[in-house]
Amino acid sequence: MDARWVCSSLDLLLFLSAALGSGDDGWSMNVQSEVRGIDGYPVVLPCTFSHPQHSQHSSLQVLWRLGHGQGATVLYRCTSRPGAPDCVPGPKQDQRYRLEGNPREHDLSLRINGATLQDNGRYYCRVEVQGREHISFEDKMGTRLRVEAPPKILELSVDGSEQAGYTALCRVQGSPLPDVQWLGPDDPLEGSLLGPLSQGSATRYHTVSQLRDVEPGQQYTCSASNPLGREQATLYVLAPRPPPPLSGASPRLLLLLSAALGAKVLLLVGMGGWMVQGGALQAVSCWRK
């Protein structure tokens, strides 16, 4: 492919992107097409604009929306009055959102504190000039926010019975969606995915892996990884204890769970349990259904 043709095509795309944010009568708006953030950290969505000089002495209203059209959600709204140093939000404004820029300096950038995976989406900034003539201008392209998160093991459990066999389940969250592997004492084991679970926004970043034919007396490690990190949790399956004398109760499977790279160990034994953390033995309460 001719390199000059590629460069010309890129120049044309950049020009078209700039034209999408330009308006008549001296209006223009510039945004980033995509911003990436990390789960739990603040992120800033840049948005700057220019407008005719006559609007310098008018009140300005700033809006940020998630989504476009009738299904859009207004996340932030504030008003900048002539001579006032700040853009004042409404009394019910969610404090997670804050205007990072100054509208009087043509900066509408939005700060989101503690970004989460549920913040993923496309955001639109808008400015309105309030006065004798109500004028508004909005970015038509939007900024896509992509929040990423390292793997987090949400649940590690065993289900089944002696007759039907036991299956280990590992539920993991992360973005990009983590790769899940099972490890035995010596070799990797072959599990199977039950996810990703995409029915709702809360579970679209979850995946579940199962390992069949889990044997009592063995230990199994669930390892989840993506480009942002790795997390492991180990499951110890203890052999069922024999029933006590003069009792018809069936033996129960005892589970010893090690979560967060072995930092915590929880032993479930009947109605009571113990947690080993930092070398200390602490009593905890356990219930069974």
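In the predicted model, E128 is found in strand 10, residues 121-130, where strands are DSSP runs of E of at least two residues, numbered from the N terminus. Residues are numbered from 1 along each chain as its sequence is written. Because the model is predicted, local features need pLDDT of at least 70 and side-chain atom pairs count only at pLDDT 80 or more, whereas totals for chains, interfaces and linings use all residues; side-chain values use heavy atoms, with hydrogens and water left out.

E128 has a relative accessible area of 10% and is therefore buried, the term standing for under 20% relative accessible area with a 1.4 Å probe and protein chains only. Its side chain makes a polar contact with the side chain of R126 at 2.9 Å; a polar contact is a pair of N or O atoms within 3.5 Å, of which, within protein, one must be able to donate a hydrogen and the other to accept it, and residues adjacent in sequence count only if both atoms are side-chain atoms. When neighbours within four places in sequence are left aside, E128 is in contact (heavy atoms within 4.5 Å) with S59, L60, Q61, L63, H134, I135 and S136.

The largest nonpolar core has 31 residues, of which M29, W64, L108, I112, V127 and L145 touch the most other members. Such a core is a set of buried Ala, Val, Leu, Ile, Met, Phe, Trp, Tyr and Cys residues joined through side-chain atoms within 4.5 Å. Strand 10 gives the most to this core, with four residues. A second, separate core of 17 residues includes V180, W182, Y220 and A233. With the same exclusion of neighbours within four places in sequence, the contacts of V127 include W27, M29, F49 and L108.

C222 lies in strand 18, residues 219-226. This residue is buried, with a relative accessible area of 0%. Beyond four places in sequence, the contacts of C222 include C170, V180, W182 and A233. C222 and T234, twelve residues apart in sequence, are 6.2 Å apart in space, C-alpha to C-alpha.

Three strands form an open antiparallel sheet in the order 3-9-8, two strands being paired if DSSP finds at least two bridges between them. Strand 3 (43-45) and strand 8 (97-99) stand at the edges with a single partner strand each, so one side of each is left without a neighbour in the sheet. Strand 3 is joined to strand 9 (residues 110-112) by three bridges, and V43 stands opposite I112 in strand 9.

Conventions: Buried means under 20% relative accessible area, exposed over 50%, partly exposed in between (1.4 Å probe, protein chains only).
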